[in-house]
Amino acid sequence: MIIQHLQERRLKIEGRIGFAYESFGAAYTGMRDDIGRKVAIKIVALHSMTEDEVDDLRQEAYVLRLLDHEFIIGPAEYFVKSSLLYCVTNLMDLGSVRRILNLPDYSHGIPENTIAAIVKQLAEALEYVHTCGIVHRGIRCSHILCSSTGGE
């Protein structure tokens with residue numbers, strides 16, 4: 001069923017990244033066949049969530065669609081099929097800062113210049129979000145995503 005839903009949107013799962021939305025779903029790497037672009041695909045079983053949790057997810061989706069900043073990953077696409085929510089975004093190929101900190105190469109920490117770049121981009125994104133009247137309540141290493149190309 002999931003494969004069919006994705007094929008209808010010209011999406012293909014390549015591998016699992018981990019959990020999504022507080023473990024209510026799973027996150028995958030994938031490919032958008034129509035444009036040949038790597039993407040992240042989050043799939044959430046809405047039927048396993050409370051009404052309040054679904055409302056929170058709906059609010060998050062609404063807010064993300066309003067934001068437009070180079071260091072904020074907005075959804076490329078949301079769709080619901082058979083009580084499954086699919087969220088497709090650009091793939092941040094290095095994953096989260098939390099994941100990076102767990103790599104053997106960074107067992108003694110991330111280089112200072114890299115930390116400075118991450119913090120600068122995070123501060124710019126937060127300043128933008130705050131000017132939009134939004135307060136982010138979940139800033140943590142697992143929510144800060146990195147790309148090998150910089151940005152976002």
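Okay, so before anything else: what we have here is a predicted model. Let me begin with the inside.

The largest nonpolar core has 19 residues, and the members that touch the most others are Tyr21, Val44, Leu46, Leu57 and Tyr78. Where does this core get its residues from? Well, at least two residues each come from α2, which runs 51–66, from β5 at 84–90, and from α4 at 112–131. The largest share is from α2, with five residues.

Let's pick out Leu46. If you skip the neighbours within four places in sequence, Leu46 is in contact with Val54, Leu57, Val80, Ser83 and Leu85. And then there's another core, apart from the largest one, made of 12 residues; Val39, Ala45, Leu84 and Val88 are among them.

How many aromatic pairs turn up in the whole structure?

Now look at what else Phe79 has going on: Arg9 lies over its face, 4.1 Å from the ring centre. Arg16 has its charged end over the ring of Phe19, at 5.1 Å from the centre.

Next, His69. You'll find it in the loop between α2 and β4, the strand at 75–81. What does the side chain do? One of its polar atoms lies 3.0 Å from the backbone nitrogen of Phe71. Leaving out residues up to four places away in sequence, His69 touches Glu124, Ala125 and Tyr128.

Last stop, Thr89, in strand β5. Its relative accessible area is 7%, so Thr89 is buried. And which residues is it in contact with, once neighbours within four places in sequence are set aside? You get Val39 and Ala40, and then Ile73, Gly74, Pro75 and Ala76. Val39, remember, is one of the residues of that 12-residue core.

That's my tour; over to you.

Methods:
Residues numbered from 1 in each chain as written. Predicted model: local features only at pLDDT ≥ 70, side-chain atom pairs only at ≥ 80, totals over all residues. Heavy atoms only, no water. Core = buried A, V, L, I, M, F, W, Y, C linked by side-chain atoms within 4.5 Å. Buried < 20%, exposed > 50% of the residue type's maximum accessible area, 1.4 Å probe, protein only. Helix = DSSP H or I, 4+ residues; strand = E, 2+ residues; numbered from the N terminus. Contact = heavy atoms within 4.5 Å. Polar contact = N/O pair within 3.5 Å; in protein donor to acceptor, adjacent residues only side chain to side chain. Lys NZ or Arg CZ within 6 Å of the ring centre and 35° of its normal.
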